[in-house]
Amino acid sequence: MAELLYFTGTMDCGKSTLALQMDHNHKARGRLGRIFTSRDRAGDSVLSSRLGLSADAVEVRDEFDFWDYVVGELTHGGRIDYAVCDEAQFYSPLQIEQLARLVDELQIDVFCFGILTDFRATLFPGSARLVELADRMELLQVEALCWCGERATHNARTISGEMVTEGEQLVVGDMETRDHEVAYEVLCRRHHRRRLTQARARATLSPEVLPFGGAAS
């Protein structure tokens with residue numbers, strides 16, 4: 001039986017790397033699939049990992065219809081045994097329902113990867129629908145860490161170094177270059193609640209309490 005699976009975690013926990021590995025493993029067993037993504041850090045129509053791996057992908061825009069795309073491919077002689085869907089939090093609830101239909105009616109395995117909540121600790125609509133419809137949801141075991149060394153559970157957005165909890169849900173930013181005006185950082189719940197980012201901790205706490213050579217406790 002085909003399944004709709006949702007692999008989730010915070011930013012920087014290896015979701016895209018696992019998506020690429022999943023595609024590789026199924027190809028190695030002779031299965032044929034498609035990779036889908038939305039708003040990848042590397043640009044349109046590519047699935048990229050922070051480890052430097054990447055693969056061509058189908059870009060999922062607001063108007064994209066998974067059912068029409070797959071039926072069209074099959075009608076023209078294509079074969080699709082599975083779908084790898086990265087950045088699934090950006091998909092609409094309707095697109096998630098289309099993925100569930102592919103599983104139920106066409107017996108195509110669908111593997112979704114994404115984060116649950118935004119910088120406000122609020123569920124993305126696409127993630128919420130996946131939680132409701134997925135046959136199984138798995139929390140990724142590669143734990144991202146807050147600057148304090150605890151397990152990161154929340155995604156934070158910063159503007160010019162200051163954490164914000166208001167604004168549009170979808171804003172492109174970077175996790176690796178923190179001097180950008182809009183950037184992202186993963187935090188434990190305690191420091192997300194206190195709005196205490198790594199930069200703010202370094203500026204306000206004494207060096208004696210900073211673990212990892214410069215992050216606070």
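Which backbone oxygen does the side chain of Ser 38 reach at 3.1 Å? The side chain of Ser 38 reaches the backbone oxygen of Val 60. The legends below describe a predicted model, in which local features need pLDDT of at least 70 and side-chain atom pairs count only at pLDDT 80 or more, whereas totals for chains, interfaces and linings use all residues. Residues are numbered from 1 along each chain as its sequence is written, and side-chain values use heavy atoms, with hydrogens and water left out.

**Figure 1. The chain as a whole, with its six helices and eleven strands.** Helices (H or I, at least four residues) and strands (E, at least two) are DSSP runs, numbered from the N terminus. Of the 217 residues in the chain, 47% are buried, where buried means under 20% relative accessible area, exposed means over 50%, and partly exposed lies in between (1.4 Å probe, protein chains only). Among the contacts in the chain with a separation of 6 or more, 70% are between residues 24 or more positions apart, a contact being heavy atoms within 4.5 Å.

**Figure 2. Ser 38 in the loop between strand S2 (33–37) and strand S3 (46–48).** Ser 38 counts as buried because its relative accessibility is 1%. Its side chain forms a polar contact of 3.2 Å with the side chain of Arg 39; a polar contact is a pair of N or O atoms within 3.5 Å, of which, within protein, one must be able to donate a hydrogen and the other to accept it, and residues adjacent in sequence count only if both atoms are side-chain atoms. Once neighbours within four places in sequence are left aside, the contacts of Ser 38 are with Glu 59, Val 60, Asp 86, Glu 87, Phe 90 and Tyr 91.

Figure 3. Most residues other than glycine have a negative phi. Arg 39, however, has a positive phi near 60 degrees, and Ser 45, which is not a glycine either, has a positive phi of about 60 degrees. Arg 39 is classed as partly exposed because its relative accessible area is 35%, and Ser 45 is likewise partly exposed because its relative accessibility is 32%. Asp 40, by contrast, counts as buried because its relative accessibility is 6%. Not counting residues up to four places away in sequence, Asp 40 touches Val 46, Leu 47, Ser 48, Asp 86 and Glu 87. The C-alpha atoms of Asp 40 and Ala 57, which are 17 residues apart in sequence, are 10.0 Å apart in space.

**Figure 4. Asp 62 in the loop between strand S5 (58–59) and H2.** Asp 62 counts as exposed because its relative accessibility is 62%. With residues up to four places away in sequence not counted, Asp 62 touches Arg 39 and Gln 95. Asp 62 and Ser 92, 30 residues apart along the chain, have C-alpha atoms separated by 7.2 Å.

**Figure 5. Helix H3 (residues 93–106) and its crossing with helix H4 (residues 125–133).** H3 has 14 residues and reaches 20 Å from its first C-alpha to its last, close to the 20 Å expected at 1.5 Å a residue, the expected span being 1.5 Å times one less than the number of residues. The buried residues of H3 are Gln 95, Ile 96, Gln 98, Leu 99, Ala 100, Leu 102 and Val 103, and they pack against strand S1 (4–8), helix H2 (66–75), strand S6 (82–85), strand S7 (109–114) and H4. Just after H3, Gln 107 takes a positive phi of about 55 degrees.

The axes of H3 and H4 come within 8 Å and cross at roughly 35 degrees; axes are lines fitted to C-alpha atoms, for helices over the stretch in contact, and angles run from 0 to 180 degrees between N-to-C directions. The crossing of H3 and H4 is right-handed, a term used if the near helix is turned clockwise from the far one by less than a right angle, and left-handed if anticlockwise. Pro 93, Ile 96, Glu 97 and Ala 100 of H3 make this contact with Pro 125, Gly 126, Arg 129, Leu 130 and Leu 133 of H4. The residues of the contact divide into six nonpolar, one polar and two charged, where Ala, Val, Leu, Ile, Met, Phe, Trp, Tyr, Cys and Pro count as nonpolar, Asp, Glu, Lys and Arg as charged, and the others, Gly among them, as polar.

**Figure 6. Gln 21 in helix H1 (residues 15–28).** Gln 21 counts as partly exposed because its relative accessibility is 38%. Its side chain makes a polar contact of 2.8 Å with the side chain of Asn 25. The C-alpha atoms of Gln 21 and Leu 53 are separated by 9.9 Å, and the two residues are 32 residues apart along the chain.
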